[in-house]
Amino acid sequence: METGHAKVGMTGREEGRAAAHPSLADGSPRTFVSWSPGLLVSWSRSLRAWCYLVWLSFRRQARVRQMVGIALALLVVAVGWIAVQSTLRGGFGMQHWRTPRRAPLTYGQWAGELELRLSAAPLAPGANAVQQGILGACQAVIARSDVLHFSQVIFALFISFLLPIWSLSFATDALGGEREGGNLIWLLTRPLPRSAIYLAKFVALLPWSLALNVGGFGLMCLAAGRPGPVAFALYWPAVLWSTLAFTALFHLMGASFPRPAIVALVYAFFLEMILGNMPGYMKRVSIGFYARCMMFDAAQEYGVQPEKPSVYLPVDGATAYWVLIGLTAGLLALGMYLFARKEYQDLT
């Protein structure tokens, strides 16, 4: 009778739960997850709020600031210098270089004269094959020398200097600009987790950072003439993944330091330009080292390698690729964790 009264006293919702879960009918406690429509609506609203924050932050990044102006000025200077080297000085190849012993001849003219002499000289078949093999090797070296020498310009100018500077111009301002402008308090009071705010700011600045770095590298390759398209096809993956790692690092600096641009500049000049080119293992703490290793691996057939591999100690391209991916994910996760727990007492 008691059981019957208990069943009669059930509401319609309770009877439905008891039918779906018979173990609930005896009154014993059970734990289960209820996917209520209200929870789905709450998630939908949070997702729309997060997407709106991404769009709002993306639009705010479009405002020209001091560091972005400096980055664009550096881009104009770099493209102009490469264009001058490519057009007025005969390009980056050895075709127009003077031979050391016969100054009136360039290497291109020397190879052409050697070909004429070999075609006119009657030689035995075996000797002729050897001479043609030597000539073909010399012509191949001269033809591919422009990619080799333009790669040296990329390593010295772009990887060591321009890529870090261009990356920090947007990344340090994503949260650092909000902090200096007094808008960070408004962000922290939004009905979103702090980690989601940090991720939204990172997603919003990525298109600008990638456009500046990959697009700027493409303009440099376009101004280089013949070796440019070859270099871009070989090196753009290294530029892409190193841009992601640099952006994650400088975004973390923007959330951690009151003057992130200054800290990022010190890092770029000390770790990337000085320590990143030193012999030994210390340079492996720099992001540019792994970008160079990916480039060395991609352009092996053009003779692109460190000047002294036993001193430079490069890693293979696959290892450098996974290190850059791991750095990006690790720095992004660390930034989300720290930003969620930082109090920002200086804002009050």
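Buried means under 20% relative accessible area. With that in hand, here are some close-ups of this predicted model.

**View 1. Cysteines C221 and C51.** C221 has a relative accessible area of 3%, so we call C221 buried. C51 sits at 39% relative accessibility and therefore counts as partly exposed.

**View 2. Helix α9, with a bend along the way.** This helix takes in residues 227-256, 30 residues in total. At 1.5 Å a residue α9 should span 44 Å, and its end C-alpha atoms lie 41 Å apart, which agrees. Look for the bend at Y235, about 50 degrees, with the proline P237 following within four residues. Of the 30 residues in α9, 21 are buried, so the rest of the structure largely encloses this helix.

**View 3. Helices α11 and α13 crossing.** Here α11 (residues 287-298) meets α13 (residues 317-341): their axes come within 8 Å and cross at roughly 145 degrees. The crossing is left-handed. On the α11 side, the residues that make the contact are I287, Y290, A291, C293, M294 and D297. Their partners in α13 are G317, A320, Y321, V323, L324 and L327.

**View 4. L313, a leucine with a positive phi.** You'll find L313 in the loop between α12 (309-312) and α13. L313 isn't a glycine, yet its phi is positive, at about 55 degrees. With 22% relative accessibility, L313 counts as partly exposed, because buried would need a value under 20%.

Definitions and conventions
Residues are numbered from 1 along each chain as its sequence is written. This is a predicted model: local features need pLDDT of at least 70, side-chain atom pairs count only at pLDDT 80 or more; totals for chains, interfaces and linings use all residues. Side-chain values use heavy atoms; hydrogens and water are left out. Buried means under 20% relative accessible area, exposed over 50%, partly exposed in between (1.4 Å probe, protein chains only). Helices (H or I, at least four residues) and strands (E, at least two) are DSSP runs, numbered from the N terminus. The expected span of a helix is 1.5 Å times one less than its number of residues. The bend at a residue is the angle between axes fitted to the seven residues ending there and the seven starting there. Axes are lines fitted to C-alpha atoms, for helices over the stretch in contact, and angles run from 0 to 180 degrees between N-to-C directions. A crossing is left-handed if the near helix is turned anticlockwise from the far one by less than a right angle, and right-handed if clockwise. Contact means heavy atoms within 4.5 Å.
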